[in-house]
Amino acid sequence: FTLIEATGKKCLFVRHAVELLGIDNVEVVQTRAESWKPKALFDCVIARALGKLADFVRVAGHLCARDGRMLAMKGRHPTAEMHALPAGWRVLALHDLSVPGLAAERCVVELGRA
């Protein structure tokens, strides 16, 4: 797993948590996603609280492999956002979530290349 975070303080915390938990298959990269050029593209790119779906694709779409998926956690079904995706992207599925201890609506929007 590769975790991308631009803020140094947050990266330090995540690295510390990874070390405390003894997780050895995680790399934390301090950079802005939109400017990062990984050695290999990812099968799945996941974001939470990044902004609108179009922003997610603009910021991280280049990290996703041709047949890969992008997953965005959202609140209520973001119908308007789903219709405003950049050219070349489409909604593949919408997955409703039940978050324990949270009464609010949550879903995951699954995106792929058109």
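**Exercise 1. In which helix is Phe56 found, and is this residue buried or exposed?**

Step 1. Phe56 belongs to helix α2. Helices (H or I, at least four residues) and strands (E, at least two) are DSSP runs, numbered from the N terminus.

Step 2. The relative accessible area of Phe56 is 3%, so the residue is buried. Buried means under 20% relative accessible area, exposed over 50%, and partly exposed in between (1.4 Å probe, protein chains only).

Step 3. Phe56 and Gly88 are 32 residues apart along the chain, and their C-alpha atoms are separated by 14 Å.

Before continuing, note that this is a predicted model: local features need pLDDT of at least 70, side-chain atom pairs count only at pLDDT 80 or more, and totals for chains, interfaces and linings use all residues. Residues are numbered from 1 along each chain as its sequence is written, and side-chain values use heavy atoms, with hydrogens and water left out.

**Exercise 2. Describe the overall architecture of the protein.**

Step 1. The protein has three helices and six strands.

Step 2. Along the sequence, these elements follow the pattern β-α-β-β-α-β-α-β-β.

Step 3. The C-alpha trace spans about 40 × 40 × 20 Å along its principal axes.

Step 4. Of the 114 residues, 30% count as buried.

**Exercise 3. Which strands pair with β6, and over how many bridges?**

Step 1. Two strands pair if DSSP finds at least two bridges between them.

Step 2. Strand β4 (residues 64-74) runs antiparallel to β6, and five bridges join the two. Within this pairing, Leu71 stands opposite Glu110 in β6.

Step 3. Strand β5 (residues 89-97) also pairs with β6 in the antiparallel sense, over eight bridges. Here Arg90 is opposite Gly112 of β6.

Step 4. Strand β6 itself (residues 106-113) is mostly covered, since six of its eight residues are buried.

**Exercise 4. Examine the salt bridges of the protein and the exposure of their partners.**

Step 1. Side chains of opposite charge can pair when their charged atoms come close. A salt bridge is a side-chain nitrogen of Lys or Arg within 4 Å of a carboxyl oxygen of Asp or Glu. By this rule the count is five.

Step 2. One of them joins Arg58 to Asp55, with the closest N and O atoms 3.9 Å apart. Both residues lie in helix α2 (residues 53-60), three residues apart, about one turn of the helix. Arg58 counts as exposed because its relative accessibility is 55%, whereas Asp55, at 30%, counts as partly exposed.

Step 3. Another salt bridge links Glu81 and Lys74, whose closest N and O atoms are 2.9 Å apart. Both Glu81 and Lys74 are buried.

Step 4. Arg76 and Glu105 also form a salt bridge, the closest N and O atoms being 3.7 Å apart. Arg76 lies in the loop between β4 and α3 (79-83) and Glu105 in the loop between β5 and β6, so this pair ties together parts that are 29 residues apart in sequence. Arg76 is exposed because its relative accessible area is 64%; Glu105, with 49%, is partly exposed.

**Exercise 5. Which residues form a nonpolar patch on the surface?**

Step 1. Patches are made of residues with over 30% relative accessible area and no salt bridge: like charges are joined within 9 Å, and nonpolar side chains (Val, Leu, Ile, Met, Phe, Trp, Tyr) within 5 Å. Accessible areas come from the Shrake-Rupley method with a 1.4 Å probe; for residues, only the protein chains shown count as cover.

Step 2. Leu20, Leu21 and Ile23 form such a patch, with about 330 Å² of accessible area together.

Step 3. Leu20 lies in helix α1 (residues 8-21) and counts as exposed because its relative accessibility is 64%.

**Exercise 6. What is the volume of the largest pocket, and which element gives the largest share of its lining?**

Step 1. On a 1 Å grid over the protein atoms alone, a pocket is an open set of points where a 1.4 Å probe fits, with protein on both sides within 12 Å along at least five of seven lines; lining residues have an atom within 4 Å of a point. Grid points are joined across faces, edges and corners, and a volume is the space filled by probe spheres set on the points.

Step 2. The volume of the largest pocket is about 920 Å³.

Step 3. The lining consists of 25 residues, of which Leu3, Ile4, Glu5, Ile46 and Ala47 lie nearest the centre of the pocket. The elements that give two or more residues to this lining are β1 (2-5), α1, β3 (42-48) and α2.

Step 4. Strand β3 gives the largest share, six residues.
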